[in-house]
Amino acid sequence: MTILSSCTTDTIIGAAQALMESALVAFPTETVYGLGADATNPVAVSRIYSTKGRPENHPLIVHIPSLDLLGEWASEIPDYAISLARDFWPGPLTLIMHRSELAGDFVTGGQNTVGLRVPAQPLALALLKSFVSLGGKGVAAPSANRFGAVSPTTASAVEEEIGAFLDKERDLILDGGPSLVGVESTIVDCTGSAPRILRLGAVTAEMIEESTGLKVLAPEQVDIRVSGSLDSHYSPAAKVVLDALPESGEGFIAWATIPTPSGAVRLASPSSIEQYARDLYSALRLGDQMGISTIAVLQPEGEGLAAAIRDRLKKAAF
Ligand code: TXA
Ligand code: MG
């Protein structure tokens with residue numbers, strides 16, 4: 001398959017056309033890179049599952065270019081979901097709602113809900129707009145990694161993860177540079193009387209309460225099919241050890257102010273929480289590329305994005 005860098009309007013139209021013709025197109029989003037297929041095409045969507053090695057009952061997020069398409073995919077949309085979509089789309093927020101007839105079992109994993117998101121990445125938005133202008137309805141896209149592995153935040157990481165499983169003649173990888181947020185979207189269940197967070201991300205509980213005027217419901221034991229809710233996920237090949245200092249030869253991720261113990265290999269030195277999120281997955285990936293067997297991570301404290309980072313690290317370390 002081809003990695004397309006410095007994408008022009010023609011490249012984007014070509015990629016949208018490829019999606020219409022059942023190809024897979026990996027594309028950048030502000031969170032992580034996604035592996036996209038026409039969300040109304042069961043054959044194309046089934047190739048997402050085989051390419052990722054993902055169990056077929058795990059639902060996919062449908063990406064749309066704007067709020068206007070919400071009603072095509074979802075039904076019984078609560079007012080608070082509209083507030084969230086207005087305030088945070090395009091952005092790192094996925095809304096789970098009752099599905100319309102358009103959302104087939106092959107996208108929802110057989111559940112009667114559908115996940116929807118408008119990503120805030122210019123290339124992703126241009127691709128989605130172009131796809132819809134060709135008659136498409138939405139692009140199903142999980143993170144473009146093999147099941148259980150670390151999500152890719154660059155086009156070369158996508159190639160490394162799934163390049164060998166893509167069809168070189170038809171499938172495409174669009175390169176839009178590194179993802180600016182770096183951890184997956186916040187997932188909010190909008191099927192109840194108030195929003196419930198299913199996966200932590202850059203849109204925080206505080207932001208959701210501010211937008212909706214509602215108290216966010218406590219997370220309940222979620223269905224195993226929310227794959228990010230599995231105990232082990234987002235895992236590099238290296239063993240991840242939390243809140244310990246590295247031995248000599250081990251990898252180390254910590255705030256820039258913390259010195260590297262002698263002999264350890266520094267993989268990231270963030271100086272803000274945003275940078276911590278942005279650099280985390282590429283640092284774990286770098287550790288694997290260097291053949292490092294153990295990576296020690298000093299976790300960030302606090303709520304919001306820090307809590308999302310700790311959530312991913314806990315699963316990476318499981
Ligand atoms: O930031 C993101 O959300 C990225 C980018 C590419 O948009 N996508 C992403 O997709 O992280 P994925 O498939 O790797 O994770 C999506 C999560 C999964 O855990 C899936 O089970 C859950 O969303 N999900 C999707 N639809 C759902 C539904 N109807 N009900 C419950 N969970 C759902
Ligand atoms: Mg994923």
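Arg117 and Glu30 meet in a salt bridge whose closest N and O atoms are 2.9 Å apart. The pair links distant parts of the chain, for Arg117 belongs to strand 7 (residues 113-117) and Glu30 to the loop between strand 2 and strand 3 (34-38), 87 residues apart.

The model is predicted, with local features requiring pLDDT of at least 70 and side-chain atom pairs counting only at pLDDT 80 or more, while totals for chains, interfaces and linings use all residues. Residues are numbered from 1 along each chain as its sequence is written, chains are lettered from A and ligands numbered from 1 in the order in which they are written, and side-chain values use heavy atoms, with hydrogens and water left out.

**Exercise 1.** Determine whether Arg117 is buried or exposed, and do likewise for Glu30.

*Solution.* Begin with the cut-offs: buried means under 20% relative accessible area, exposed means over 50%, and partly exposed lies in between, using a 1.4 Å probe and protein chains only. Arg117 has a relative accessibility of 2% and therefore counts as buried. Glu30, with a relative accessible area of 6%, is buried as well.

**Exercise 2.** Find how many salt bridges the structure holds, and examine which parts of the chain are tied together by the pair Arg285 and Glu160.

*Solution.* A salt bridge is defined as a side-chain nitrogen of Lys or Arg within 4 Å of a carboxyl oxygen of Asp or Glu, and the structure holds 11 of them. In one of these, the closest N and O atoms of Arg285 and Glu160 are 3.3 Å apart. Because Arg285 lies in helix 9 (residues 273-289) and Glu160 in helix 7 (residues 155-162), the pair ties together parts that are 125 residues apart in sequence. Helices here are DSSP runs of H or I with at least four residues, strands are runs of E with at least two, and both are numbered from the N terminus. As to accessibility, Arg285 is buried at 9%, whereas Glu160, at 44%, counts as partly exposed.

**Exercise 3.** Work out which residues are joined into one network by salt bridges that share partners.

*Solution.* Start from the salt bridge between the side chains of Asp311 and Lys315, with an N to O distance of 2.9 Å. These two residues are four apart in helix 10 (residues 305-317), so about one helical turn separates them. Both Asp311 and Lys315 are buried. Through shared partners, salt bridges join Glu184, Asp311, Arg312 and Lys315 into one network.

**Exercise 4.** Describe helix 2 (residues 42-52) by its buried residues, their packing partners and what is found at its start and after it.

*Solution.* At the start of the helix, a side-chain oxygen of Asn41 comes to within 3.0 Å of the backbone nitrogen of Val43. Within the helix, the buried residues are Ala44, Val45, Arg47, Ile48, Tyr49, Thr51 and Lys52. The buried residues of helix 2 pack against strand 3, helix 5 (105-108), strand 8 (139-140) and helix 7. Gly53, which follows the helix, has a positive phi near 70°.

**Exercise 5.** Locate the cis peptide bond at Pro90 and the positive phi values of Ser22 and Asp243.

*Solution.* The bond from Trp89 to Pro90 is cis, with omega near -10°, and Pro90 is found in the loop between helix 4 (79-88) and strand 6 (93-99). Ser22, although not a glycine, has a positive phi of about 75°, and this residue lies in the loop between helix 1 (9-20) and strand 2 (25-27). Asp243, also not a glycine, has a positive phi of about 55° and lies in the loop between strand 12 (239-242) and strand 13 (251-253). At 48% relative accessibility, Asp243 counts as partly exposed.

Technical notes. Contact means heavy atoms within 4.5 Å. A polar contact is a pair of N or O atoms within 3.5 Å; within protein, one must be able to donate a hydrogen and the other to accept it, and residues adjacent in sequence count only if both atoms are side-chain atoms.
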